[in-house]
Amino acid sequence: MQNKKTIFICCGTGCQANGSMKIYQAMLKAISGLNLDVEVIPDIKKTGCHGLCQKGPLVHIAPKEITYIHVKTADVPEIIERSIIKDEVIDRLLYFDKQQNAKVQSKSDWTFEKKQYRIALRHCGGIANDSIDDYIDKGGYQGLEKVLKTMTPEEVIDVIKKSGLRGRGGGGFPTGLKWTFAAKAQGDVKYVICNGDEGDPGAFMDRSIMEGDPHTVLEGMAICGYAIGANQGFLYIRDEYGLAVENMRKAIADAHSKGLLGKNICDSGFAFDAEVVRGGGAFVCGEETSLIHSIEGSTGEPTPKPPFPANQGLWGKPTIINNVETWANVPVIINKGADWFAAIGSEKSKGTKVFALVGKINNTGLVEVPMGIKLREIIYDIGGGVGKNRKFKAVQTGGPSGGCIPESKLDLPIDYDSLIAEGSMMGSGGMIVIDDRTCMVEFARYYLKFLSEESCGKCVPCREGIKSMLKILTDICEGRGQAGDIELLEEIGAMVKANSLCGLGKTAPNPVLSNIANFRDEFEAHINDKRCPAGVCKNLTKLYIDSKVCIGCGLCVKSCPVGAISGEKKQPHVLDEEKCIKCSSCRERCAVDAVRVR
Amino acid sequence: MSESLKIRTESLEIAQKYQPKRRYLLAILQDIQKHYNYLPAEAMETVARYLSVPLVKVYGMATFYKAFSLTPKGKYIIKVCDGTACHIKGSVNLLDEVKMILGIEPGQTTDDGLFSLETVACIGACGLAPVAVINDEYHGNLTPASLRQILEQYQGGMKDAK
């Protein structure tokens, strides 16, 4: 059996969108039709996200460690023929690593992987996402068994405290300390909640963990249950995350059947159960108190803290809420010890962080890196630099609660505290790379529009303040900006930050304030010159074709949805400004950068 | 059986899969939304009675959470992703194109009941940005021109509803 081959097919959402389920089906069909020797029949496993979503669907073959990218159903027979029956590598399907200037056989040798360190994502892509046996084979549930058989609840909390683990949902509150509060709180009934309401646009690590490695989340929650004296867990998961809900429900049922959830787990007398609650689609429900109200069957509006959920949470009982990624770290810390974990990362931020590296970057996907790594290393070494060879402008972290970090700060070591010092924050880990064709005014407006729709409306500073700021920004983007607008934005922003009830409002002005601080000249160009330098704001943009640069290839003509471009082949083309709707399709398509912004 | 009575009977059946406790209100409404593609008034009344919750609370839930709609949705639901990655890769241009072709705004349904238009804040397929989802089918790396072609296929009845 040792020679048995395994095919891992990424069935995370990114790869599924690219058709990986069809490949999975085609693999099964191709194998069953072949009449192979039993020895050759490979295990075909659906897995969670491998990381490099942009190159999907990804197919990995073990033990020879071959990774194929952009696999199509038409490639399946050849893969079976050459890489399963024989041991050949199909060069055509390998990843071309620009940094190494060569094709690379195994994903572990990609430059994309070299600087990564996987703890939370350790199993994603390497185990079947619906198999408890795979998880157990990799050492799963050993952490739970260890705490139940050999540790007191106090010792468990002590390990988590010493490890320095901080909440991965954004705030970075020390996890062990939070658990202490709940452990000390009076009451027979306590609850553990997993916050899987990942609402931050541009972040999808929690989804990938729940889809690809659901048992690690359950194990982490059960360990916490033992430590604080809770017997019931809830997983609040966005209803849009259908696959995550499905896999998590199956994981709960499987854990029950193995006696790893339910009564008397591992003959210890400890009981713990878990239940999935589907979220209703409200960003504010990522906030602890809102999430609790949502589970209780109410509208997800926040309530003031204190009382903190650790003392009075779900149905008034002491409750621990941690984020998906935090839970995924817990079993590893228990197994490998606090000292091992505390040795990774920076002084005040221990361990690793998963980022969703997206936007104008060559390698889009999920990456997990040690805390304290420099932004430059993430963007250039792992991400392969800015796409289409355009100029780097900024990187946005922390989603709607964060801010933009400009090129001058690229050598910043990334941790909770350094990002806050720069007016941004860690947030859940979205990392959006922006090039010179993104307008920073419009980008700030984008986040505010999102937040104005998601503000629950309970407190006035958030509800009305965001609305006013959005109106000013919309005016600026549409050419009605006036002198004094920037100062007014700063003033209202400070008020909203200081006076809002919950985290949504307290951080809502960040994207605007940080963009003003770092890119004030762009705001001024909009207001004073009525011009959008990035060519995004349509009222303030005029496109033209530079006749000295245009080679007359005609690509722009095909890309234009309104027929505004004309010209003879191999002659400079002309853009009709009257017809142009400024969608920039031609500018994106042009290979010689001849479409310019006036 | 009148349409109204039918909805009451069906929605009670859906609700009875859960115990009559307030905490199941969200889940019951989600199941009803999935069944009808919206929340009929009769269904909300039925649920309120089943859980002994004031109707206004049910209505509050229905209007607070994005998952719910009070009006029927179209045969094809076009979700243009406006997550951050899609946004900076031109999702607004996609949205403008759909608005122009169908003559509806986000949240609306065409008169023939064929299309509903929605925007979503990130569906987690950022590697394929900009993305639109029509019913369950993902379309990635879109341009206004390519999205127009896809829509024309649906309009021409070349695609069957899933």
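Visitor: Is strand β13 (residues 392-397) of chain A mostly covered or mostly uncovered, and how many of its residues are buried?
Guide: This is a predicted model, and a residue is called buried here if 20 or more other C-beta atoms lie within 10 Å of its own. By that count strand β13 of chain A is mostly covered, and of its six residues the number buried is five.

Visitor: Which strands of chain A does β13(A) pair with, and which residue of β14(A) is the bridge partner of A:Val395?
Guide: Five bridges join β13(A) to β15 (residues 430-435) of chain A, the two strands running antiparallel, and in that strand A:Met431 stands opposite A:Thr397. Four bridges join β13(A) to β14 (residues 403-406) of chain A, again in the antiparallel sense. In β14(A), the bridge partner of A:Val395 is A:Ile405.

Visitor: In the hairpin of β13(A) and β14(A), which residue takes a positive phi?
Guide: The hairpin has five residues between its strands, and a positive phi near 85 degrees is found there at A:Gly398.

Visitor: In what order do the five strands of the open sheet in chain A stand, and which strands are at the edges?
Guide: The order is β12-β11-β15-β13-β14, with mixed pairing. Within it, β11 (residues 352-359) of chain A pairs with β15(A) in the parallel sense over four bridges, and A:Gly359 stands opposite A:Val433. Because each edge strand has a single partner strand, one side of each is left without a neighbour in the sheet, and these edge strands of chain A are β12 (365-370) and β14.

Visitor: How far apart are the end C-alpha atoms of helix α2 (residues 25-36) of chain B, and why does that agree with its number of residues?
Guide: At 1.5 Å a residue, the 12 residues of α2(B) should span 16 Å, so there is agreement with the distance between its end C-alpha atoms, which is 17 Å.

Visitor: Which residues of α2(B) are buried, and what covers them?
Guide: The buried residues are B:Leu25, B:Leu26, B:Ile28, B:Leu29, B:Gln30, B:Ile32 and B:Gln33. What covers them includes elements of chain A, namely β9 (273-279) and α12 (288-295), together with elements of chain B, namely α1 (3-15), α3 (41-51) and α4 (55-64).

Visitor: How far apart do the C-alpha centres of domain 1 and domain 2 of chain B lie?
Guide: The domain assignment of chain B gives domain 1 as 3-64 and domain 2 as 76-155. Between the C-alpha centres of these two domains the distance is 30 Å.

Terms used: Residues numbered from 1 in each chain as written. Chains lettered and ligands numbered in written order. Predicted model: local features only at pLDDT ≥ 70, side-chain atom pairs only at ≥ 80, totals over all residues. Buried ≥ 20, exposed ≤ 12 C-beta atoms within 10 Å, placed from the backbone. Pairing = 2+ DSSP bridges. Expected span 1.5 Å × (residues − 1). Contact = placed C-beta atoms within 7 Å. Domains from an automatic or database assignment.
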